Amino acid sequence: MKAAVSPMTHSGYKLARILLTEEQIKRRVRELGAELGRDYADKRPLLVSILKGAFIFLADLTRAMPIPHELDFMVVKSYEGTQSSGTVRILEDLHQSIEGRHVILIEDIVDSGLTLEYMRRNLETRDPASLEVVSLLDKAEARIVEVDVERVGFTIPNEFVVGYGLDYNQLYRNLPFLAVLDPEQV
Ligand code: IMP
């Protein structure tokens, strides 16, 4: 949904427009949490979140999942500014084995697919009982490699977005909605 006001300022940031409102995100995250709660009842899944971008999505999703589940985190780096660097580096790994576990990988956004392809392959080698990917956002048009994403919050156009945990050079993460970055800020 494109907001009428353009460009705009929020929390001291200059933005081109709001792409997804706080309310739209909240509603969709609640749906995803309920679905996961149904599909993983009695499986005690492990939610693996990729920091930093997915931290707000995870915080809302975990509270929307009404079943026992665990959380763990990985820190990976694939981007510099608005460009994928093409290589993925694991800066911090999981704190436990995932062998035999039902793993749900929580992503903020799938863009080229390079990060996710690497992560899927990496986690599969650790022999989980199952692995699925939940991504809040999918920039399907930007895909460079084919990669499975089992659950998507929203499919969005191929524009650089910020807010709700997503950054541009470490800023904008605190916006409660998702916005398109003002091109003049890049
Ligand atoms: P991919 O490897 O190109 O699929 O990019 C995945 C990662 O790049 C995401 O987990 C984000 O951290 C970052 N990223 C990709 N597109 C955007 C964007 O539009 N805004 C902010 N971060 C992005």
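For the classification of side chains, Ala, Val, Leu, Ile, Met, Phe, Trp, Tyr, Cys and Pro count as nonpolar, Asp, Glu, Lys and Arg as charged, and the others, Gly among them, as polar. The structure is a predicted model, in which local features need pLDDT of at least 70 and side-chain atom pairs count only at pLDDT 80 or more, whereas totals for chains, interfaces and linings use all residues. Residues are numbered from 1 along each chain as its sequence is written, and side-chain values use heavy atoms, with hydrogens and water left out.

The protein contains 3 helices and 10 strands, where helices (H or I, at least four residues) and strands (E, at least two) are DSSP runs numbered from the N terminus. From that terminus on, the order of the elements is β-β-α-β-α-β-β-β-α-β-β-β-β. The C-alpha trace spans about 50 × 35 × 25 Å along its principal axes. A compact globule of 186 residues would have a radius of gyration near 16 Å, and the 16 Å of the protein agrees with this; the radius is taken over C-alpha atoms, and the globule rule is 2.2 Å times the number of residues to the power 0.38. Of the 186 residues, 50% count as buried, that is, under 20% relative accessible area, with exposed meaning over 50% and partly exposed in between (1.4 Å probe, protein chains only).

Around the ligand lie 17 residues, of which Asp 108, Ser 112, Gly 113, Thr 115 and Val 161 come nearest; a residue is near the ligand if one of its heavy atoms lies within 4 Å of it. This shell divides into 7 nonpolar, 4 polar and 6 charged residues. Polar contacts are pairs of N or O atoms within 3.5 Å; within protein, one must be able to donate a hydrogen and the other to accept it, and residues adjacent in sequence count only if both atoms are side-chain atoms. A polar side-chain atom of Ser 112 is placed 2.5 Å from a ligand oxygen atom. A polar backbone atom of Gly 113 lies 2.8 Å from an oxygen atom of the ligand, and an N or O atom in the side chain of Lys 139 is 2.8 Å from an oxygen atom of the ligand. On its own the ligand has 490 Å² of accessible area, 92% of which the protein covers, as computed by the Shrake-Rupley method with a 1.4 Å probe. Strand 4 (70–80), strand 6 (102–110) and helix 3 (114–124) each give two or more residues to the shell, and strand 6 gives the most, with 4 residues.

In helix 3, Thr 115, Leu 116, Met 119, Arg 120, Asn 122 and Leu 123 are buried. Viewed down the helix axis, these residues fall within an arc of 165 degrees, so they line one face of helix 3; the arc is that of the directions from the helix axis to the C-beta atoms. In helix 2 (residues 55–63), the buried residues are Phe 57, Leu 58, Leu 61 and Thr 62. These fall within an arc of 120 degrees and therefore line one face of helix 2. Phe 55, also in helix 2, counts as partly exposed at 37% relative accessibility.

Backbone geometry was also examined. The peptide bond from Leu 51 to Lys 52 is cis, with omega near 5 degrees, and Lys 52 lies in the loop between strand 3 (46–51) and helix 2. Asp 42, in the loop between helix 1 (22–39) and strand 3, has a positive phi of about 70 degrees although it is not a glycine.
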